[in-house]
Amino acid sequence: MIKTVVRALGAAALAVLSTLHTMPAAQAAEPSYTLPLTNAVNTIPVAAEDRTGYNRKQAFGDWIDADRDGCNTRAEVLLAEAIEPPTVSGRCTLAGGLWY
């Protein structure tokens, strides 16, 4: 069985190599460009931010408190994923904390 698998892989590799060999040079390899990172970053087009037409509350509604403990979904996730937990006061008002 192993010999059969090796033969099949060998045949597949040979088919790929023969296809590459018959490709025109332009398709075989993409041109290579070298540019310092700062120059490359400066070539990225920058446009002004456009926030018209977006309303988070309208698009997603209010956060829910599925377990009715006073903390909405956002606060539950922040508490669960905190590396240093925030202080919780009042009706689950979070302050401080540390996250990755």
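1. Helices (H or I, at least four residues) and strands (E, at least two) are DSSP runs, numbered from the N terminus. The chain has 5 helices and 2 strands. From the N terminus on, their order is α-α-α-α-α-β-β.

2. This is a predicted model, where local features need pLDDT of at least 70, side-chain atom pairs count only at pLDDT 80 or more, and totals for chains, interfaces and linings use all residues. Residues are numbered from 1 along each chain as its sequence is written, and side-chain values use heavy atoms, leaving out hydrogens and water.

3. Buried means under 20% relative accessible area, exposed over 50%, and partly exposed in between (1.4 Å probe, protein chains only). Of the chain's 100 residues, 6% count as buried.

4. A contact means heavy atoms within 4.5 Å. Take contacts in the chain between residues at least 6 apart in sequence: 2% of them join residues at least 24 apart.

5. A disulfide is a pair of cysteine sulfur atoms within 2.5 Å. The count here is 1 disulfide. Cys-71 and Cys-92 form a disulfide, with their sulfur atoms 1.8 Å apart. The torsion about their S-S bond is about 95°, so the disulfide is right-handed. Cys-71 lies in the loop between H4 and helix H5 (73-81), and Cys-92 in the loop between strand S1 (87-89) and strand S2 (93-95), so the pair ties together parts 21 residues apart in sequence.

6. Are these two cysteines buried or exposed? Cys-71 counts as buried, at 9% relative accessibility. Cys-92 also counts as buried, at 13%.

7. Ile-44 sits in the loop between helix H3 (37-42) and helix H4 (56-60). Ile-44 is exposed, because its relative accessible area is 52%.
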